[in-house]
Amino acid sequence: LEQALRCCTAASVVTDGSGAAADERSLYIMRVVQIAVMCVLALTVAFGIFFLGCNLLIKSEGMINFLVQ
């Protein structure tokens, strides 16, 4: 089990001095940043749709009450 875990970690990367580990680390950081940005954008869109829907619901209630009177 330890060998399976060691083979998939960043600590197990063997370098030849050419900076391949640094490139791999920067690629990993870029992926994490991309995922974080996409999550923030998705949450922004979801909350925007939610609040827009609530606003339209409140306005439609007011229009229905106005028509009833």
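1. Val-37 sits in helix α2, which runs over residues 20–68. Helices here are DSSP runs of H or I with at least four residues, strands are E runs of at least two, and both are numbered from the N terminus. In total, the protein has two helices and zero strands.

2. Before going on: this is a predicted model, where local features need pLDDT of at least 70 and side-chain atom pairs count only at pLDDT 80 or more, while totals for chains, interfaces and linings use all residues. Residues are numbered from 1 along each chain as its sequence is written, and side-chain values use heavy atoms, with hydrogens and water left out.

3. Buried means under 20% relative accessible area, exposed over 50%, and partly exposed in between (1.4 Å probe, protein chains only). Of the 69 residues in the protein, 0% are buried.

4. The disulfide count is zero, going by cysteine sulfur atoms paired within 2.5 Å.

5. The UniProt record, an unreviewed entry, annotates residues 35–58 as "transmembrane region". UniProt positions are given in the numbering used here, feature names are shortened, and annotations may be inferred rather than shown by experiment. In the model, residues 35–58 are 100% helix and 0% strand, with the end C-alpha atoms 35 Å apart.
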